[in-house]
Amino acid sequence: MVYILVLAVSLILATFLFLKNSLNRGLYNSTKKLKLPPVVKAWPLVGALYMLGKDPVNLIKNNYQKYGSVFTIKVLGQSVTLLIGPEVSRHFYTASESELSLEELYKFAIPMFGRNVAFGAPTEIRLQQTQFLLKGLRPQMLRFYVGQIVTEVEWQDSGTIDLVHGLEHLITLTTARCLLGREVRENLTEEVSTLIRDLAGGVLPISVLFPYLPIPAHNRRDRARDKLLLIFSKIISLRKTSPQPEEDLLQTLLESRYNNGESITNEQVSGMLSAILFVGKHTLSNTAAWTGAYLLQHKTYFSKVLEEQKALLGRHGLKMEFDILREMDVLSRCIKEAARIGYPPIITPRYCRQNFTVTTKEGKEYTIPKGHIVLTSPAVANRADHVFKDPDRYDPDRYLSAEEKKMASQPFSYITFGGGRHTCPGEAFTFIMLKTIWSYLIRNFELELVSTFHKGEWNGKEKILVHYKRRQLSV
Ligand code: HEM
């Protein structure tokens, strides 16, 4: 019964996609003369879709090994082209919206965060909103956030914790305190967490094609967005009338002006606050958990981090400040390495609006035609063996070797945080957050990993159980 249903839905989707693609490309716009990427062999219509849903990382990895750095997968009649590795990724990261579009593919995010926010807004408004965000994440603000993070990090004296869920809660609170302000943090009840979860639950594969389909998950998403708007609007109104300006991203947003002199609306601020809580809940907290998992599994590196913390305690005492975090070179490399292989985004997508050509490292040239969906995969490209030596190995010291340092710092080699036009504006904040949390935990608790997980294998569902017991790290 279930299979018949899946098949029926797939056929409807395939017809829709076929018509959509035909209209987009023009039925008579032949691509015959172009040298197109190799096409992955899969069962017609649903084969690749099934594989994509089941194990996307291995699907991409296996085909990368088989076909090389450029290949096309047909999903329900839609051509999806993968670009893996720095040689073929330059255009992906540097092209303009009119060449490779994000807005076309992120329409599903509009009902999550509202119209006129991020991908719901016209491009020039979206770019200005990213600038507002960057202003709230500038070094002077990050300096201030360190103290705010420290006030939130606390565990009981002893116990067992699943790092994924434990850190998710902690990071939601710290993100709220630093970026969204004291009032949002104080109002960050179970209700807000549930509403953010409902927003996330409204992103289903079908939402990409039909974001407004009246299904229960979409209805919950819409109710959650409206409720969040109500909660945040009250906070924003209070803040606007407060005589005392605060030091946080919320204040920066409220003081920002668009190029035409207009200020940002309550609805736009609310959408941006929800989007930040959403990112913190997923990407940031998973990277935090995997940083811990790798560190506790690799005793050599854990010892190096301990030694670094002892040396810092010797030099600065218990103080935790921005400049002290900058001295945490070993911990920084451990986070960078966990972010490379632990839980980087599986794919980042664009919609191709103009043909473009890529040349592989072997010198093969391919044209990616208008109408293809184009993807890079940080999860696979971050493990390319011509960029990283022994790429599946957790090795934070790799960034010390001159040769590898050079390769890894070449544009579009290490792509956990994207690159080019769409480089993640939250990268510096992420490092500040994770260094503060992990140095605090290492200084104040004995930690022991009790879960075993398959080394180097991505699995977003695994628990990472850790025993902890309070103690003071002595110099
Ligand atoms: C471990 C944490 C994070 C990871 C792995 C991550 C990853 C990424 C990646 C790969 C992109 C580029 C997407 C693309 O090219 O399509 C991106 C963009 C973005 N990230 Fe992050 N991110 C993280 C944390 C954050 C945080 C904390 C914030 C906000 C405070 C943030 C805000 C954004 C925004 C607004 C963009 C869009 C930039 C643009 O399109 O111009 N990210 N992120």
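Two strands count as paired if DSSP finds at least two bridges between them.

A word on the source. This is a predicted model, where local features need pLDDT of at least 70 and side-chain atom pairs count only at pLDDT 80 or more, while totals for chains, interfaces and linings use all residues. Residues are numbered from 1 along each chain as its sequence is written, and side-chain values use heavy atoms, with hydrogens and water left out.

Start with the five-stranded sheet. It is open, its order is S1-S2-S8-S5-S3, and the pairing is mixed. The edges are S1, residues 70-75, and S3, residues 100-101; each pairs on one side only. S1 runs antiparallel to S2, residues 78-83, and six bridges join them. Within that pair, Ile-73 stands opposite Val-80 of S2. Helix H3, residues 56-67, packs on this sheet and touches S1 and S2. Contact here means heavy atoms within 4.5 Å. The direction of H3 makes about 130 degrees with that of S1. For such angles, axes are lines fitted to C-alpha atoms, for helices over the stretch in contact, and values run from 0 to 180 degrees between N-to-C directions.

Three strands, in the order S4-S10-S9, form an open antiparallel sheet. Neighbouring strands are turned by 25 degrees against each other on average, direction ignored. Five bridges link S4 and S10, residues 465-470, in the antiparallel sense. Thr-160 faces His-467 in S10. Two helices pack on this sheet. H8, residues 163-180, touches S4 and S10, at about 95 degrees to S4. H20, residues 427-444, touches S9 and S10, at about 100 degrees to S9.

What is the only protein donor of its iron atom? Cys-424, through SG, at 2.3 Å. Donors are N, O and S atoms within 2.8 Å of the metal (3.2 Å for Na, K and Ca); water is not among the atoms, so sites may look incomplete. Cys-424 sits in the loop between H19 (402-409) and H20.

Next, the shell. There are 21 residues around the ligand, and Thr-287, Arg-350, Thr-416, His-422 and Cys-424 come nearest. Being near means a heavy atom within 4 Å. H6 (123-136), H14 (266-297), S5 (348-352) and H20 are the elements that give two or more residues. Which element gives the most? H14, with four residues. By class, the shell has 10 nonpolar, eight polar and three charged residues.

Two side chains reach ligand oxygens. Arg-350 places a polar side-chain atom 2.8 Å from an oxygen atom of the ligand. For His-422, a side-chain N or O atom is 2.8 Å from a ligand oxygen.

Last stop, Pro-245. This residue is in the loop between H12 (216-241) and H13 (249-255). Leaving out residues up to four places away in sequence, Pro-245 touches Gln-251 and Glu-255. Its C-alpha atom is separated by 49 Å from that of Lys-370, 125 residues apart along the chain.

Note on methods
A polar contact is a pair of N or O atoms within 3.5 Å; within protein, one must be able to donate a hydrogen and the other to accept it, and residues adjacent in sequence count only if both atoms are side-chain atoms. Ala, Val, Leu, Ile, Met, Phe, Trp, Tyr, Cys and Pro count as nonpolar, Asp, Glu, Lys and Arg as charged, and the others, Gly among them, as polar.
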